[in-house]
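Subject: Structure handover

Hello,

Here is the structure for you to look through. Please open it first and then read the notes below.

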Amino acid sequence: MLKKEIRKLYRKKRDDISYTERLKWDDLLLIQFQTLPLPFLETVFTYYPVEDNNEINSFLFTEYLHFKNPNLQICYPKMHAQTNTMQAIVCNADSIFQTNEFNIPEPLDTDVADPETIDLVMIPLLAFDKTGLRVGYGKGYYDRFLQECRADCLKIGFSYFEPVAAVDDANDYDIPLDFCITPQQIYVF
């Protein structure tokens, strides 16, 4: 399938999820995530789930990681629409978020983490394929950001749905995931 077709199909599938299903599936995703043999993490880059998009509750995963390591540094993206780039902003429990022009909450904090220091990136997605390629929202922010991260930085996606067979129009700039977690299983690439 082409990315455009996948986006349309999986936006619709996600729109059709009930609130109760989302709560149940988020819990199942957390259970799967807790079984991952993760190394010691110092810095994690995550995303703020957009409620209007029925996005997976990433706060469950960061709270779990923070419980395991109270000194964990957690970062959220700040996008720069003019250049289609983003920065990892270091946040804390008191951080304030403001919605940007894409309806994505961004931190107002200003402490930028060096991408080379990030140990794990949680990547939002609409769908993924059996080789670990993901289909996001189409602007390439994460692929550009991941090029700046260390080669051993873990890239994890979460999906309510199982993978599509293949993303037929993938290109050289698409960076595959290391893991994608669904309520049913963990895919390793």
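Which residue forms a salt bridge with K78? The partner is E106, and the closest N and O atoms of this pair are 3.8 Å apart. A salt bridge here is a side-chain nitrogen of Lys or Arg within 4 Å of a carboxyl oxygen of Asp or Glu.

Before the rest, two notes on how to read this. The model is predicted, so local features need pLDDT of at least 70 and side-chain atom pairs count only at pLDDT 80 or more, while totals for chains, interfaces and linings use all residues. Residues are numbered from 1 along each chain as its sequence is written, and side-chain values use heavy atoms, with hydrogens and water left out.

Side chains of opposite charge can pair when their charged atoms come close. Seven salt bridges turn up in a search of the whole structure. In the pair described above, E106 sits in strand β5 (residues 105-107) and K78 in strand β2, so the contact ties together parts that are 28 residues apart in sequence. Helices (H or I, at least four residues) and strands (E, at least two) are DSSP runs, numbered from the N terminus. E106 is buried, at 7% relative accessibility, whereas K78 is partly exposed at 27%. Buried means under 20% relative accessible area, exposed means over 50%, and partly exposed is in between (1.4 Å probe, protein chains only).

Another salt bridge joins D16 and K12, at 2.9 Å from N to O. D16 is partly exposed at 49% relative accessibility, and K12 is partly exposed at 48%.

R150 and D152 also meet in a salt bridge, at 2.7 Å from N to O. R150 is partly exposed at 23%, while D152 is exposed, with a relative accessible area of 55%. Salt bridges with shared partners link D119, R150 and D152 into one network.

Cysteines

A disulfide is a covalent bond between the sulfur atoms of two cysteines. The structure holds zero disulfides; the cut-off is a pair of cysteine sulfur atoms within 2.5 Å. C149 is buried at 9% relative accessibility, and C153 is buried at 2%.

Pockets

A pocket is an open set of points on a 1 Å grid over the protein atoms alone, where a 1.4 Å probe fits, with protein on both sides within 12 Å along at least five of seven lines; lining residues have an atom within 4 Å of a point. Points are joined across faces, edges and corners, and a volume is the space filled by probe spheres set on them.

The largest pocket has a volume of about 650 Å³. It is lined by 30 residues, and the closest to its centre are Y137, G138, K139, G140 and Y141. Elements giving two or more residues to this lining are α1 (3-15), β2 (73-80), β9 (134-135) and α4 (141-146). α4 gives the most, with four residues. By type, the lining of the largest pocket has 15 nonpolar, six polar and nine charged residues. Ala, Val, Leu, Ile, Met, Phe, Trp, Tyr, Cys and Pro count as nonpolar, Asp, Glu, Lys and Arg as charged, and the others, Gly among them, as polar.

The second largest pocket holds about 290 Å³ of space. Its lining has 13 residues, with T62, I74, Y76, N92 and A93 nearest the centre.

Regards
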